[in-house]
Amino acid sequence: MVHQPSSPARLSPSSDTEDMAEMSRVLAPRLAYFAGVARTEHVTRAAQEMNVPQSTLSRSMARLEQDLGVDLFARHGRTVSLTPAGRTFLTSVERALAEVERAAEEVRADADPATGKVAFGFLHTMGAETVPGLLQAFRADHPRVRFSLVQNYGEAMLERLRAGELDLCLTSPVPDAPGLVARRLDEQKLRLVVPADHSLATRRRIRLAEAADETFVTLEPGYGMRRITDDLCQEAGFKPRIAFEGEEAETLRGLVAAGLGVALLPPPAVPRPGVVELTVTAPRAVREIGVAWLEGHPDTPPVAAFKRFLLSRRGSLLP
């Protein structure tokens, strides 16, 4: 019996995701070679321009046609010309290669030490004074570094950090979670905010236990300040009775001013009329502010520079 060699395997068209991924894996390395041969219409000249052996280029084109199951070139001695299928294929290949080059330029630009980009997340309460001041100080020495800024609550920022959408984030409480690195930078005293006409408004200091019978307005579950509020109230011996939940600290101050409850909040950027802010003497009412990043994630030069800058502000982060 004579053994007949099997014909070369071809990629069959399919909408199946795994088949499409396999087709991309096989075809992608040959696309630039194809475009070079199509541009010069001469294998030898294309090999010289791309600095690859002519035999490598010839084999690559033959395998490309074999994998596609379509003739892309008509051979004329040492020259070649595109078939109608080849011209159709070239249009898409040139578009794909241009997109790859655009993406490469973009990531190179983002990593440039002088003009690169930092994706930086921070809490809403850091947005009025703290972050603008930090960026102004950093850009004094790095004037062309660009920032993509995201304001959100802590858990949402950590999710974006894990997804690779952020390089660094300022958050509170300082996270202690697998896959993340976090460093404490500063702490911020919290105050019990009461309406200006409240019976406690004549006080300057208060033990949190004295507010056990008050109605509280708080941030929604998932926010760091909500967790801190719940923990401090528990330490003071009570569970807060919550009337309203919001998404932003200054909204809560407005609710307090309207007489809808009291709130534990960090100091405002600008004093708010209609409320009085009391120092909490017990328990110790502070929130820690820290910077977090993804463990093992390599930093581009601009990200590394901004990280060093933030770490240098330990103890002096807040205005």
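## Lining of the largest cavity

By class, six nonpolar, six polar and three charged residues make up the lining of the largest cavity in this predicted model. Here Ala, Val, Leu, Ile, Met, Phe, Trp, Tyr, Cys and Pro count as nonpolar, Asp, Glu, Lys and Arg as charged, and the others, Gly among them, as polar. Of the 15 lining residues, Leu-123, Thr-125, Leu-219, Tyr-223 and Arg-287 lie nearest the centre of the largest cavity. This cavity holds about 120 Å³ of space.

A word on terms: on a 1 Å grid over the protein atoms alone, a cavity is a set of points where a 1.4 Å probe fits but cannot get out, a pocket is an open set with protein on both sides within 12 Å along at least five of seven lines, and lining residues have an atom within 4 Å of a point. Grid points are joined across faces, edges and corners, and a volume is the space filled by probe spheres set on the points.

The structure has three cavities of 30 Å³ or more.

## The largest pocket

The largest pocket has a volume of about 370 Å³. Its lining has 20 residues, with Thr-125, Glu-129, Pro-267, Pro-268 and Ala-269 nearest the centre. The lining divides into 10 nonpolar, four polar and six charged residues.

## Reading the model

Residues are numbered from 1 along each chain as its sequence is written. In this predicted model, local features need pLDDT of at least 70, side-chain atom pairs count only at pLDDT 80 or more, and totals for chains, interfaces and linings use all residues, while side-chain values use heavy atoms, leaving out hydrogens and water.
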